[in-house]
Amino acid sequence: MDTLKTQQVTFKVFRFNEETDYLPYYNTYTLDVTHEEVVLDILNRIKWEHDGSLSYRRSCRHGICGVCAIKVSGKAVLACKTRLFDMIDVFGNELVIEPLSTKRAFKDLVVDKKDFWDKHAQIKPYLEAPIDEHPVTENLVSPHDAEKLLEADYCIQCGACHYSCPSVEINELYIGPAAFAAAYRFAADVRDDASVERLHIVNEEAQGVWDCVKCMECAQVCPKEVNPIEKITKLHNMVFEANIAKNNVATRHAVGFAHSIEKHGLLDEGELVRYSEGNIGVLKHVPVALKMFAKGKIVLPWNMPKADKLDEIKKLVKSSSTVKF
Amino acid sequence: MEKLKYALFTGCTAKESTPEQMMSTLAVAEKLGIELVELTEASCCGASHLQDYDDFLSLVLNARNIAYAEKHGLTMVTICNTCQLNTAMTKHRLDHNAELKAKVNAKLAEVGLEYKGTSQITHFLYAIIDDFGLDKIKEMVVKPLSQFNIAPFYGCHNIRPSELQNETHKSPENPYRPTSLDDLIIACGGLNVDYEEKNKCCGFHAELQAPRTAAVLTGNAVAGAMDANADWMVTPCPLCHLKLDTQTHHASVAIGRDVSLPVLHMQQMVGLALGCTPAELGLNHHVTKVDFV
């Protein structure tokens with residue numbers, strides 16, 4: 001029989017009631033926790049045994065509804081499937097319990113997810129197809145076509161990735177990784193007729209996929225292994241493949257790599273900035289460029305290094321390229 | 001111990017905007033007796049942007065780079081977090097997808113190459129920690145950095161996603177509590193400072209497309225290190241270095257506070273502790289002046 005292992009843990013729990021508090025504060029609770037308990041068990045014990053006013057969301061208790069997502073010492077988790085001992089292994093015996101977004105909390109660990117749902121709605125998260133009201137057969141999708149979704153349909157919309165994304169935190173227009181995963185899920189569905197329309201939405205500057213900082217945190221934090229950044233990359237690819245990429249700084253930044261590699265094997269950093277920004281836009285980088293030049297950090301065009309066996313690289317760029325811009 | 005030998009994938013910045021990174025890598029490798037065979041045939045890894053435009057082309061080019069390391073029969077060592085991510089991710093995808101590997105190899109065959117999957121890929125940070133050993137570095141320190149509070153800045157692509165870390169490294173980082181740089185600082189005799197932003201994004205990859213987002217992230221990182229009383233920052237990623245070293249004016253404007261700290265490459269920090277001269281380590285190439293040596 002399993003012996004119950006126990007550790008004493010101090011929990012610093014975020015408290016805030018927008019109806020009575022100007023500022024949030026933290027309450028501290030010290031509890032003995034067992035190796036069988038998950039974070040939700042502790043929230044329940046705090047509420048039931050210490051302070052009945054603590055508010056948090058919980059529902060399915062099986063990691064499938066996503067409502068109990070919170071942050072433990074900065075890491076977004078589903079409270080109902082995250083073992084306390086795993087958290088203690090990483091963060092030690094003092095754990096900070098916070099809502100997914102402290103600035104969107106209105107009662108303790110409960111956040112207003114309006115921005116999340118608005119952005120989700122923005123990408124048309126539903127199948128658009130003509131409906132036969134009297135079908136004689138099912139509208140079947142082959143296993144091969146179903147695989148193209150790359151398990152994007154596993155998203156439970158818990159918001160863990162959304163509220164861990166630095167771009168979401170800084171840029172309020174940015175749609176965010178969860179909604180992008182949903183956009184991919186429908187754009188990749190062979191039955192859908194609105195893919196191009198959806199790609200136009202994610203292709204817009206400021207709100208779209210081009211503002212991803214590529215930090216990989218969405219992939220790291222997703223409790224269902226949806227890997228949102230993989231879907232963001234796919235959406236980038238689909239924008240080019242659908243031939244709807246706009247000629248702007250974001251797209252030219254991606255395309256510039258191919259040009260540079262074909263020419264030098266390596267990236268021509270200075271030329272990439274000029275190519276991406278255009279001849280006028282590049283001027284705003286001149287002050288920094290001058291400082292870098294003074295420190296020997298700018299390679300002039302005639303000194304641009306080239307990879308050995310450049311012919312080989314040129315040949316592969318030519319034969320392996322799959323899109324045009 | 002058998003002499004360590006790696007195939008060095010320099011990436012592009014070490015040849016251009018961070019020459020000091022190349023200088024310090026070679027200086028430290030020499031001090032540690034590590035042999036580096038430079039992959040002069042290697043192309044740019046695409047830096048996570050070529051992949052957005054043409055994923056297949058990016059796979060082929062990265063597979064070609066690894067194929068050259070395989071020809072030498074060596075583990076590939078990278079000196080850039082993003083090169084590390086893109087190369088390791090290519091290896092992961094090809095090693096787990098026979099159909100994709102065959103498609104890529106059909107292209108490589110056109111230039112007489114084959115990706116076999118025999119070479120491992122590691123970052124120089126992990127090569128010196130996992131393979132050379134922190135204890136040995138500690139023994140070799142001649143100028144301990146004991147006067148300095150040093151802020152580690154890990155850089156996203158060395159610590160996330162864990163899937164690649166777990167495949168690649170003997171002691172995988174936990175992205176929420178990474179330890180490698182902190183351990184290296186301590187081994188060099190310095191005092192590692194803790195701050196919230198040490199495992200966060202510097203914003204480099206969005207600098208042109210989303211300049212405000214990028215500048216806020218840079219500002220937050222430097223401000224976090226300053227608030228933790230750091231004398232300087234250290235990073236294993238030349239892209240993070242470029243952002244933190246050269247973009248402090250934009251960062252200061254973005255967060256409404258003057259931020260600036262010297263930012264050393266991981267190799268420069270180790271080199272200083274091992275007794276290399278500032279000139280050997282290229283400390284004169286920094287935009288934010290390194291004025292403590």
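**Ground rules.** I am working with a predicted model, in which local features need pLDDT of at least 70 and side-chain atom pairs count only at pLDDT 80 or more, while totals for chains, interfaces and linings use all residues. Residues are numbered from 1 along each chain as its sequence is written, chains are lettered from A and ligands numbered from 1 in the order in which they are written, and side-chain values use heavy atoms, with hydrogens and water left out.

**Chain A overall.** I found 13 helices and 7 strands in chain A, taking DSSP runs of H or I with at least four residues as helices and of E with at least two as strands, numbered from the N terminus. Its C-alpha atoms fill a box of roughly 70 × 70 × 50 Å along the principal axes. Of the 325 residues in chain A, 53% are buried; I call a residue buried under 20% relative accessible area, exposed over 50% and partly exposed in between (1.4 Å probe, protein chains only).

**A sheet in chain B.** Next I traced an open sheet of 4 strands, ordered β6-β5-β7-β8 with parallel pairing. Two strands pair if DSSP finds at least two bridges between them. The edges are β6 (191-192) and β8 (263-265) of chain B, each pairing on one side only. I counted 3 bridges between β7 (residues 232-235) of chain B and β8(B), and Val234(B) has Leu264(B) as its bridge partner.

**Salt bridges.** My rule was a side-chain nitrogen of Lys or Arg within 4 Å of a carboxyl oxygen of Asp or Glu, and the count over all chains came to 31.

- I looked up Glu204(A) with Lys246(A), whose closest N and O atoms are 2.7 Å apart. Glu204(A) is partly exposed at 32% relative accessible area, and Lys246(A) is partly exposed at 34%.
- Asp55(B) and Arg93(B) also come to 2.7 Å between their closest N and O atoms. This pair links helix α3 (residues 55-72) to helix α4 (residues 81-95) of chain B, 38 residues apart. Asp55(B) is buried at 16%, whereas Arg93(B) is partly exposed at 29%.
- Lys91(B) meets Asp95(B) at 3.0 Å, N to O. Both lie in helix α4 of chain B, 4 residues apart, about one turn. Lys91(B) is buried at 9%, and Asp95(B) is partly exposed at 37%.
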